[in-house]
Amino acid sequence: MPLLLLMLVLLLPATPVATPSALLGINYGRVGNNLPPTASALQLLAGLGVGRVRLYDADPATLRSFANTGIELVVGVPDECLATVSTPSGASSWVRSVIQPALPATKIAVLAVGNEVLTGANSSALTPSLLPAMQCIYDALVQLGLDKQVAVTTAHNLGVLATSYPPSSAYFRKDLLPVLCPILDFHARTGSPFLVNAYPYFAYAEDPAGVELEYALLEPGHGGVPDPSSGLRYPNMLVAQVDAVYHAIAATNRVVARAVEVRVSETGWPSAGDSNETGATLRNAARYNGNVMRLVGEGKGTPLRPDGALRVYMFALFNENMKPGPSSERNYGLFKPDGTPVYELAYRLPKDNATSSSGAGGITTGGGGYNGHGDGQQNNGYYSITASAKANMGRWTWTQACAAALLMMMAF
């Protein structure tokens, strides 16, 4: 069996290079009643040099606003739509009425079905619809000949891991393996991204005595933290979190894991918070987000995967005054609603980070679904994975491999 798996991996195509040169994106949440029109947001994106944007819904007016800008979009299928699109007819109707009309003028690269469904407050109700929704939307794209242009995925938080420290010890929660395994099978078959949101802030806020602030802030002068099992040294917590995901996938299927690329679909630091929210300050937010830009701008990988550049979506473009939860939830933005910076960043992106020059699209007022990335109560951070190569896995699928791993884990 190991020889068979090795042969299958050798048949996988090489990791594709992203068409645009951008490595950094930003999450454009619109849960506020005082946000500027999308045309103003496009001007801010052009000023930042960001060429990738993640949206949390598929509002047609917003999609039209990004037409002919060259900005590459991750478009969200909101949680409340999962039941509808989990049937072939529902998914086909949704793709034909919402996504197809926006193409090709609007550059939609990924559809993210739900956000943190497996560990969210409504996980018991939403989880059964997640994979069927992903599969039905993918099938609808295939029928329209759009599957090579638009990938289908979902975003998870760190709560899918049973442990994440040290990175080499990470593995998925046993109770989620029956759900995650067919999802991984889907990604292996379609080559779509497996996204996870990563927030070192939560790890520091929950244990400020045990987590060094400079390590959580990605400060380049920090000496790093060693992983005693792998022998690798981690210069900051973000790359440690990413490598924890790599190890969790490898713990499920080490051979096929070589084809998987981990990306960060959300990361950020709040500039303000409640009195008990340790570390939520303007200075820390400026340091963290500046260091994220620097880290991505270096074009380097992680200690475990040094040859692949780290790709990240920062959270978020604006402070959003209608987000529920603690005060920090409303203070993740780089900009205030009036377009002024919340703080000055010490680092600026290279000019080639944008996918192309950004023009101003149509104008639409803010709105859209909840772009919840969690409130820190579920876990210590969040993540992003991307399956980078399409794989015809033959009769040995990720589901079979995961089932074998689950049986082995249950034996202990």
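Student: R30 and D57, are they buried or exposed?
Tutor: Both R30 and D57 are buried, where buried means under 20% relative accessible area, exposed over 50% and partly exposed in between (1.4 Å probe, protein chains only). Keep in mind that this is a predicted model, where local features need pLDDT of at least 70, side-chain atom pairs count only at pLDDT 80 or more, and totals for chains, interfaces and linings use all residues. Residues are numbered from 1 along each chain as its sequence is written, and side-chain values use heavy atoms, with hydrogens and water left out.

Student: OK, and what do the side chains of R30 and D57 do?
Tutor: They meet in a salt bridge, 2.6 Å from N to O. A salt bridge is a side-chain nitrogen of Lys or Arg within 4 Å of a carboxyl oxygen of Asp or Glu. R30 sits in the loop between β1 (24-27) and α2 (38-48), and D57 in the loop between β2 (52-54) and α3 (60-65), so the pair ties together parts that are 27 residues apart in sequence. Those helices (H or I, at least four residues) and strands (E, at least two) are DSSP runs, numbered from the N terminus.

Student: How many salt bridges does the structure hold?
Tutor: Nine. One of them joins K148 and D147, at 3.1 Å from N to O. K148 is exposed at 68% relative accessibility, while D147 is buried with 11% relative accessible area.

Student: Switching topic, how many residues of α11 are buried?
Tutor: 13 of its 16, so α11 is mostly covered. Just after α11, G299 takes a positive phi of about 70°.
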